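Hi there,

Here is the structure I promised to pass on to you. Have a look at it first, and then read my notes below.

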Amino acid sequence: MIEKVKLYIGGEYIESQSQQWVDVTNPATNEVIAQVPCATESEMNAAIASAAEVFKTWREVAAPERARLMLRYQHILKENHDNIATLLSSETGKTLADAKGDVWRGIEVVEQAANICSSMMGETVENIARDIDGYSYVQPLGVCAGITPFNFPAMIPLWMFPLAIACGNTFVLKPSEQVPLTAMLLSELFTQAGAPSGVLQIVHGKKEQVDHILTDKRVRTISFVGSVSVGEYIYKTGTDNLKRVQSFAGAKNHMVIMPDANKQQVINNLVGASVGAAGQRCMAISVAVFVGDTKAWIPELKQALAQVQPGAWNDENAGYGPLISQQAKQRVVELIKQGKAAGADCLLDGSDCQVEGYPKGNWVGPTLFANVATDMSIYTEEIFGPVLLTLEVDDLDQAIALVNANLYGNGTSIFTASGAAARKYQHNIEVGNVGINVPIPVPLPFFSFTGWKGSFYGDLHAYGKQAVRFFTETKTVTARWFDEDIPSGPNMTIELK
Ligand code: NAD
């Protein structure tokens, strides 16, 4: 029998009464592995009501105790690392190595959440006026919500609920309906770690359920990660409803290759960063910008890419897995067609890729384009597949101008042996996450994930100290501690000239 994914409300796993269910498929076979409900109106209400009610008591739990819950959770996640990765592979198609990375990046955020006491410190100034002190506390907000994409089913929910809950908030998570199973396992392990009932709820669904979250007055903050159009919609609708919103959207990430870079290092890194995870990473390199003579390296890049074979999650030789769905594959294949029709040179075309033993999988082989113009749809749209574009420029200034003209600003990298070139790039580039001889510069969680321009809307970025600010309010107190005048010392006034 096909598993019916439950809702998680008030500490109970509940079978939804919904009439609308979505199939969850294994992307390598397209077999249905589970069905996920689109939660009903009353189930959505119950989840938010539970979070609002439990907040009243959870906010009173001592901060070190909340931190200890995160320490226990980190331990249990580590113990279950391989189980989570295997489940994650089955619903995303990711190779096991890639899935393990997904889980590990999430565990690192839980470690950050375990430091919550120092991240929530306020500030004090004594004697802001005679016998009056000023200080601020950092307090939780209430019900926080998260809406997450398919491509990192462990890491991205873990960007959100551990930090929010460690701050003293309660949480409603709506994972991607394409990959709900990993989130359910994360919730079970959270309960095992000692999380009280109702601190975390999980609801399932699509636009209608997201709209409920966006408009419900009890929800104070919304963290979203997903595609460009949905990200814009979430930011606009959430802020129209006067909520605090952080919205992480799509990307078009460029790697700039300087003539003094190490050719072999460039080619190896470009291959992994562009087609790894089937290009379904918001930090994937999708455009390689060859500066000056480095364009002569493109034939070798083509050779290296042609050797990468996609395959099933447990195939140790697989370079990457299938695309998440048949629709995702069709969209990528259509964009490849458009690139060819627009006049770009398709040096490698993965549209007809087959993988032995998996005739129904959503495979796309490594694809490489040269002579791409910046008004072609393959350049203006995020492809989110194993497709790499190459562009050629004369010098670093042209490369910087090209990258800065792009609508997105999630990640970028430069490969060079020159400190001066790297410093110039780092200083002038209008992108939030910059790698110097590092292809996918994802910051560790003691920093923040800092997309710019069309890749991020809102304020206070993900998972670092700044995210604690996102999940909290600051309360500033101005206090005279006595109800009668007890001067604390001799009075002296100064006259300022
Ligand atoms: P998506 O936008 O289709 O879905 C994301 C979430 O939004 C899901 O939970 C989905 O159910 C919900 N949703 C979908 N359509 C909706 C609608 N019309 N109204 C309201 N909610 C809706 O994204 P995806 O395909 O799951 O994920 C891939 C995208 O996520 C890529 O564009 C990628 O770049 C982006 N992403 C960005 C980052 C980042 O940090 N900037 C990280 C990972 C992924």
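How many helices and strands are there in the protein? There are 16 helices and 23 strands, where helices (H or I, at least four residues) and strands (E, at least two) are DSSP runs numbered from the N terminus.

Two points before you read on. This is a predicted model, in which local features need pLDDT of at least 70 and side-chain atom pairs count only at pLDDT 80 or more, while totals for chains, interfaces and linings use all residues. Residues are numbered from 1 along each chain as its sequence is written.

On overall size, the C-alpha trace spans about 85 × 70 × 40 Å along its principal axes.

Now for a helix pair. The axes of helix 2 (residues 63-79) and helix 4 (residues 96-113) come within 8 Å and cross at roughly 160° (axes are lines fitted to C-alpha atoms, for helices over the stretch in contact, and angles run from 0 to 180 degrees between N-to-C directions). Helix 2 is therefore roughly antiparallel to helix 4 (angles under 35 degrees count as roughly parallel, over 145 as roughly antiparallel, 65 to 115 as roughly perpendicular and the rest as oblique).

Finally, the ligand. It is surrounded by 28 residues, and the closest are Pro149, Gly226, Ser227, Phe248 and Cys282 (near means that the C-beta atom, placed from the backbone, lies within 6 Å). Helix 8 (207-215) and helix 9 (228-240) each supply at least two residues of this shell.

Enjoy exploring!
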